[in-house]
Amino acid sequence: AEWLLTKVFNDIDIPLVIAGKNPSEHLEKLAHTNKNTCLVSNPGEKELQDLIKKAQVNILPSFNNTGVKLKLLNALYNGRYCLVNAAAMDGTALNNLCEVAETAEDFKTMAFTLYCQTFSETDTRLRETVLNSNYNNDTNARKLITLIY
């Protein structure tokens, strides 16, 4: 979050809402230094889902390669565009559902581009197809049952 505030949203004029549990005082101060950034501390589940749904772009950089990120899946199932880095994509089959950036400049460019772009029905259909074929709980539960028996 600090990286986004200091390196990406420090000089672009699109809104950034950061949501998370127990943010540090430093992060709270940092989030309020720009007029276009804010922090939502300890959102409840309903509020968090509402933020994800209303966001034009969910920005989820990861600084470690730990496989599929639940935050990313949640944003893909419930939100619009997802902007990530390669580490967030590691171990997933989601490459065609996310925009990938690595540098702060790339994140700035892509955030602005996606902020101004319409999320279409075609985007929604592609997302549903990919998510349902790879991350559908019912399908995966049936696969696990067949492995057990």
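## The largest pocket

By residue class, 28 nonpolar, seven polar and five charged residues make up the lining of the largest pocket. Nonpolar here covers Ala, Val, Leu, Ile, Met, Phe, Trp, Tyr, Cys and Pro, charged covers Asp, Glu, Lys and Arg, and the others, Gly among them, are polar. This is a predicted model, in which local features need pLDDT of at least 70, side-chain atom pairs count only at pLDDT 80 or more, and totals for chains, interfaces and linings use all residues. Residues are numbered from 1 along each chain as its sequence is written, and side-chain values use heavy atoms, with hydrogens and water left out.

The space in the largest pocket comes to about 1,200 Å³. Which of the 40 lining residues are closest to its centre? They are Val17, Ile18, Ala19, Ile59 and Leu60. At least two lining residues come from each of strand 1 (16–20), helix 3 (45–54), strand 3 (57–59), helix 4 (70–78) and helix 6. Helices (H or I, at least four residues) and strands (E, at least two) are DSSP runs, numbered from the N terminus. A pocket is an open set of points on a 1 Å grid over the protein atoms alone, where a 1.4 Å probe fits, with protein on both sides within 12 Å along at least five of seven lines; lining residues have an atom within 4 Å of a point. Points are joined across faces, edges and corners, and a volume is the space filled by probe spheres set on them.

## The second largest pocket

The second largest pocket has a volume of about 160 Å³. Its lining consists of Tyr81, Cys82, Asn96, Leu97, Cys98, Glu99, Gln117, Phe119, Asp123, Leu126 and Arg127. By class, that gives six nonpolar, two polar and three charged residues.

Strand 4 and helix 7 each bring at least two residues to the lining of the second largest pocket.

## Aromatic pairs

How many aromatic pairs does the structure hold? There are three. Rings of Phe, Tyr and Trp (its six-membered ring) pair if their centres lie within 6.5 Å, with planes under 30 degrees apart called stacked, over 60 edge-to-face and the rest tilted. Trp3 and Phe107 make an edge-to-face pair, with 5.2 Å between the centres and 85° between the planes. This pair connects distant parts of the chain, as Trp3 is in helix 1 (residues 2–8) and Phe107 is in helix 6 (residues 104–115), 104 residues apart. Trp3 is partly exposed at 23% relative accessibility, whereas Phe107 is buried at 1%. Buried means under 20% relative accessible area, exposed over 50% and partly exposed in between (1.4 Å probe, protein chains only).

Tyr81 and Phe119 are also edge-to-face, because their ring centres lie 5.0 Å apart and their planes meet at 90°. This pair also links distant parts of the chain: Tyr81 is in strand 4 (residues 81–84) and Phe119 in the loop between helix 6 and helix 7 (121–134), 38 residues apart. Tyr81 is buried, at 6% relative accessibility. One aromatic cluster is formed by Trp3, Phe63 and Phe107.

## Nonpolar cores

The largest nonpolar core has 23 residues, of which Leu5, Val8, Phe9, Ile59 and Leu83 touch the most other members. A nonpolar core is a set of buried Ala, Val, Leu, Ile, Met, Phe, Trp, Tyr and Cys residues joined through side-chain atoms within 4.5 Å. Helix 1, strand 1, helix 2, strand 3, strand 4 and helix 6 each give at least two residues to this core. Helix 6 supplies the most, five residues. Another core lies apart from it, with 15 residues that include Leu76, Val84, Met89 and Cys98.

Where does the chain come back to Phe9? Beyond its neighbours within four places in sequence, Phe9 has contacts (heavy atoms within 4.5 Å) with Leu4, Ile14, Pro15, Leu16, Asn34, Asn36, Thr37, Ile59 and Ala111.

## Loop residues to look at

Asn22 sits in the loop between strand 1 and helix 2 (25–31) and is exposed, at 63% relative accessibility. Asn42 belongs to the loop between strand 2 (37–41) and helix 3, and at 43% relative accessibility Asn42 is partly exposed.

His32 is placed in the loop between helix 2 and strand 2. With 52% relative accessibility, His32 counts as exposed. From His32 to Leu70 there are 38 residues in sequence and 27 Å in space, C-alpha to C-alpha.
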